[in-house]
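Welcome, and please take a moment to look over the chain below. A short tour of some of its residues follows.

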Amino acid sequence: QVQLVESGGGLVQPGGSLRLSCAASGFSFGYLTIGWFRQAPGKDVREGVSCIRTGGGATNYADSVKGRFTISRDNTKNTANLQMISLKPEDTGVYYCAVSSDARACIGSMSMKEEMYRRWGQGTQVTVSS
């Protein structure tokens, strides 16, 4: 079965940390761009948070998470991670991982655009609250 499965979400206090994981099955994502997105409560759109390319693994981050989130990938395990520290209440939302066969999905003006990604996981809830 071809799918992406996210895990690691939960409830955390402001200033806390979480590590999200994305596992691919049924296909190899070693040659794909990986993105993390989030959908805040009451919002209709998903915001691009971070992405990582193939090859050298160049990364990109939304300004709102720079310095706090770190994306990584392990192609041998078909997994990707998003390490999140210094979490804020505004980081609350459902977090999704997604993949794209288009390198532009993590470069320039099309970087972290939802429409560039074709396969999505079901999401994992992150709640930052005291």
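Is serine 86 buried, partly exposed or exposed? With a relative accessibility of 36%, serine 86 counts as partly exposed. Please keep in mind that this is a predicted model.

**Two residues with positive phi**

Most residues other than glycine have a negative phi. Serine 86 has a positive one, near 50 degrees, without being a glycine. You can find serine 86 in the loop between β8 and β9 (93-100). Asparagine 78 also has a positive phi, of about 60 degrees, and is not a glycine. Look for asparagine 78 in the loop between β7 (69-74) and β8 (79-84). Its relative accessible area is 14%, and because buried means under 20%, asparagine 78 is buried.

**Aspartate 91**

Stay in the loop between β8 and β9, where aspartate 91 lies. Aspartate 91 has a relative accessibility of 1% and so counts as buried.

**Two residues in strands**

Now move to arginine 73, which sits in strand β7. At 17% relative accessibility, arginine 73 counts as buried. The side chain of arginine 73 has a polar atom 2.6 Å from the backbone oxygen of phenylalanine 29. That side chain also reaches the backbone oxygen of isoleucine 52, at 3.4 Å. Leaving aside neighbours within four places in sequence, the contacts of arginine 73 include Phe29, Gly30, Leu32, Ile52, Arg53 and Thr79. Between arginine 73 and serine 100, which are 27 residues apart along the chain, the C-alpha atoms are separated by 14 Å.

Glutamine 3 belongs to strand β1 (residues 3-7). Its relative accessibility is 31%, so glutamine 3 counts as partly exposed. Not counting residues up to four places away in sequence, glutamine 3 touches Ala23, Ala24, Ser25 and Phe27. Glutamine 3 and glutamate 114 are 111 residues apart in sequence, and their C-alpha atoms are 18 Å apart in space.

**The disulfides**

How many disulfides does a search of the whole structure find? The search finds two, and the table sets them side by side.

| Disulfide | S to S distance | Torsion about the S-S bond |
|---|---|---|
| Cysteine 22 and cysteine 97 | 2.1 Å | about 60 degrees |
| Cysteine 51 and cysteine 106 | 2.1 Å | about 90 degrees |

With a torsion of about 60 degrees, the disulfide of cysteine 22 and cysteine 97 is right-handed. This pair links distant parts of the chain, with cysteine 22 in strand β3 (residues 18-25) and cysteine 97 in strand β9, 75 residues apart. Both cysteine 22 and cysteine 97 are buried.

The disulfide of cysteine 51 and cysteine 106 has a torsion of about 90 degrees, so it is right-handed. Cysteine 51 is in strand β5 (residues 47-52) and cysteine 106 in the loop between β9 and β10 (119-120), so the pair ties together parts 55 residues apart in sequence. Cysteine 51 and cysteine 106 are both buried. If you number the bonded cysteines of the protein chain in sequence order, the pairing reads 1-3, 2-4.

Conventions
Residues are numbered from 1 along each chain as its sequence is written. This is a predicted model: local features need pLDDT of at least 70, side-chain atom pairs count only at pLDDT 80 or more; totals for chains, interfaces and linings use all residues. Side-chain values use heavy atoms; hydrogens and water are left out. Helices (H or I, at least four residues) and strands (E, at least two) are DSSP runs, numbered from the N terminus. Buried means under 20% relative accessible area, exposed over 50%, partly exposed in between (1.4 Å probe, protein chains only). Contact means heavy atoms within 4.5 Å. A polar contact is a pair of N or O atoms within 3.5 Å; within protein, one must be able to donate a hydrogen and the other to accept it, and residues adjacent in sequence count only if both atoms are side-chain atoms. A disulfide is a pair of cysteine sulfur atoms within 2.5 Å.
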